[in-house]
Amino acid sequence: MIKLEINGGAREIDADPGTPLLYALRDQLGLNGAKFGCGMGQCGSCTVMIDGEAAFSCLVPLSALQGRRIRTLEGLGAAGKPGAVQRAFIEEQAAQCGYCIPGMIMRAQALLERNPSPSRPEILKYMSPNLCRCGTQMRIVRAIERAARDMKGAK
Ligand code: FES
Ligand code: FES
């Protein structure tokens, strides 16, 4: 059994230690927010947070996660009660097909936790590992700027 801390709770799974976190989340833990895109660390659709940093879950084996804090999209909010970043993405209509968006939201959350007032160039730089094939980038940037304002206003 492998023990993981996910979204503040303890989870146990029976899996090979070499299994990528993404597969365990989706196939065994019912956490489908993170998406499989490339499986090679090149697109960002599988992004989660590990110890507060954005990470590609397709590249991280379960064996590397002992004692580390994992957060997934499901940990930020739910359809009826979205978190600040999720709400900003909805309000800015920052999606076309939506496939990249869970990863974008997780990377944006990591950014705003380390830098609550990022400049537009800082947002573009930090978000650059995550790709959007629909060309929604500018709406995504506006959503992150809105989330930053909202999160500051809520304090
Ligand atoms: S699926 Fe992980 S980076 Fe593309
Ligand atoms: S909205 Fe389609 S890939 Fe980003």
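Q: Which residues of α5 are buried?
A: Ile 140, Val 141, Ala 143, Ile 144, Ala 147 and Ala 148. Buried means under 20% relative accessible area, exposed over 50%, partly exposed in between (1.4 Å probe, protein chains only). Helices are DSSP runs of H or I with at least four residues, numbered from the N terminus.
Q: Where do they sit around the axis of α5?
A: They fall within an arc of 160°, so they line one face of the helix. The arc is that of the directions from the helix axis to the C-beta atoms.
Q: And what is exposed on the other side of α5?
A: Arg 149 and Gly 153.
Q: What kind of model is this?
A: A predicted one: local features need pLDDT of at least 70 and side-chain atom pairs pLDDT 80 or more, while totals for chains, interfaces and linings use all residues. Residues are numbered from 1 along each chain as written, chains are lettered from A and ligands numbered from 1 in written order, and side-chain values use heavy atoms, without hydrogens or water.
Q: Switching to Asn 130, where is that?
A: In the loop between α4 (120-127) and α5 (137-153).
Q: Buried or exposed?
A: Asn 130 is buried, at a relative accessible area of 6%.
Q: Which side chains make polar contacts with Asn 130?
A: Thr 47 at 3.2 Å and Arg 107 at 2.5 Å. A polar contact is a pair of N or O atoms within 3.5 Å; within protein, one must be able to donate a hydrogen and the other to accept it, and residues adjacent in sequence count only if both atoms are side-chain atoms.

Note on methods. Helix = DSSP H or I, 4+ residues; strand = E, 2+ residues; numbered from the N terminus.
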